[in-house]
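Morning, everyone. Here is the structure for today, so please take a look before I start.

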Amino acid sequence: ALATPGPLEVETVTSAAWAVPREGLLNLEHPKAKAAGLTKGDEAIEVYFHVVRHPRKGVWLVDTGFEKALRDDPSASAMGWLVRSQIGLEKMRFTSPLGQYLEEKNVHLAGVFLTHAHLDHVGGMRDVPNDVPVYTGPGELSERSFTNLFVQGSTDRAFEGKKAVGELRMTADPDGAFDGVVDVFGDRSFFALYVPGHSSGSTAYLARTTKGPVLLVGDACHTRFGWENGVEPGEFSSDRAKSAESLARLEKFARAHPEIEVRLGHQALVAKDTNVAGAPRQVNGR
């Protein structure tokens with residue numbers, strides 16, 4: 001039962017604060033987005049990685065944030081100059097690049113799970129030792145959307161020298177809540193949930209921690225407004241209809257299990273910087 005505490009600890013670390021186009025994060029044509037008056041412009045976000053500690057299986061990551069070189073020497077990072085010039089690197093404020101965290105905490109990784117392979121989730125991969133296994137959802141690295149082609153070189157460099165990336169073997173969800181599920185460690189402490197739409201292999205993770213269940217939704221939902229209003233991601237998703245379906249499944253699951261703590265892709269669910277109406281803050285006066 002989810003209400004029973006599990007053996008894991010999950011620490012969510014903010015790798016960087018950033019601002020990106022709101023129309024990528026949210027479907028601005030959704031009636032609730034329109035009613036809230038949301039428009040195109042910059043949206044304040046955070047880029048996370050999650051540290052999962054298992055008493056026997058060791059320390060694992062979910063996503064990787066950004067690498068230390070992107071802060072210290074961008075030209076030496078996996079991110080190519082064209083991508084760096086287009087993504088608003090000047091808007092990025094680094095708080096804990098992955099390499100810095102691993103060094104300061106003296107962490108020896110057992111492996112990495114990815115919610116998906118977009119650059120803001122694999123951007124710290126170069127700070128991961130090459131012998132550490134990495135896992136994605138089904139078909140994730142074979143996806144070739146127009147959006148992905150722009151950053152493909154940077155993504156390839158991030159994975160350069162790594163072991164072959166493994167795909168999680170999803171099985172049918174006996175409860176029918178998701179498109180697929182796998183008991184990752186085999187002890188019912190950590191589950192991968194297949195939630196395609198944002199990307200073909202998008203995966204959420206459910207951890208049974210000592211303090212209760214934690215749901216890492218990845219970019220199935222980027223923002224607090226999106227989660228609280230059922231507004232799916234926008235232009236950053238490869239299949240927006242499927243993205244809306246996956247978000248609805250996650251929200252239904254969370255409502256059925258109110259003990260779950262939900263952690264979103266790029267904003268804290270607990271309000272940190274919102275206006276009175278609870279809509280996302282529009283930065284730069286927009």
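This is a predicted model: local features need pLDDT of at least 70, side-chain atom pairs count only at pLDDT 80 or more; totals for chains, interfaces and linings use all residues.

Residues are numbered from 1 along each chain as its sequence is written, and side-chain values use heavy atoms, with hydrogens and water left out.

Strands here are DSSP runs of E, at least two residues; helices are runs of H or I, at least four; both are numbered from the N terminus. Strand β11 covers residues 212-216 and runs antiparallel to β10, with five bridges joining them. Two strands pair if DSSP finds at least two bridges between them. Two residues separate β10 and β11 in their hairpin. Strand β9, residues 190-194, also pairs with β10, antiparallel, over five bridges. There, Leu-193 is partnered with Ala-204.

How many residues of β10 are buried? Seven of the seven, 203-209, so the strand is largely enclosed by the rest of the structure. Buried means under 20% relative accessible area, with a 1.4 Å probe and protein chains only. Thr-203, Tyr-205, Ala-207 and Thr-209 point one way; Ala-204, Leu-206 and Arg-208 point the other.

Now zoom out. Across the protein, 56% of the 286 residues are buried. The protein has nine helices and twelve strands. Its C-alpha atoms fill a box of roughly 50 × 45 × 35 Å along the principal axes.

Notes:
Buried means under 20% relative accessible area, exposed over 50%, partly exposed in between (1.4 Å probe, protein chains only).
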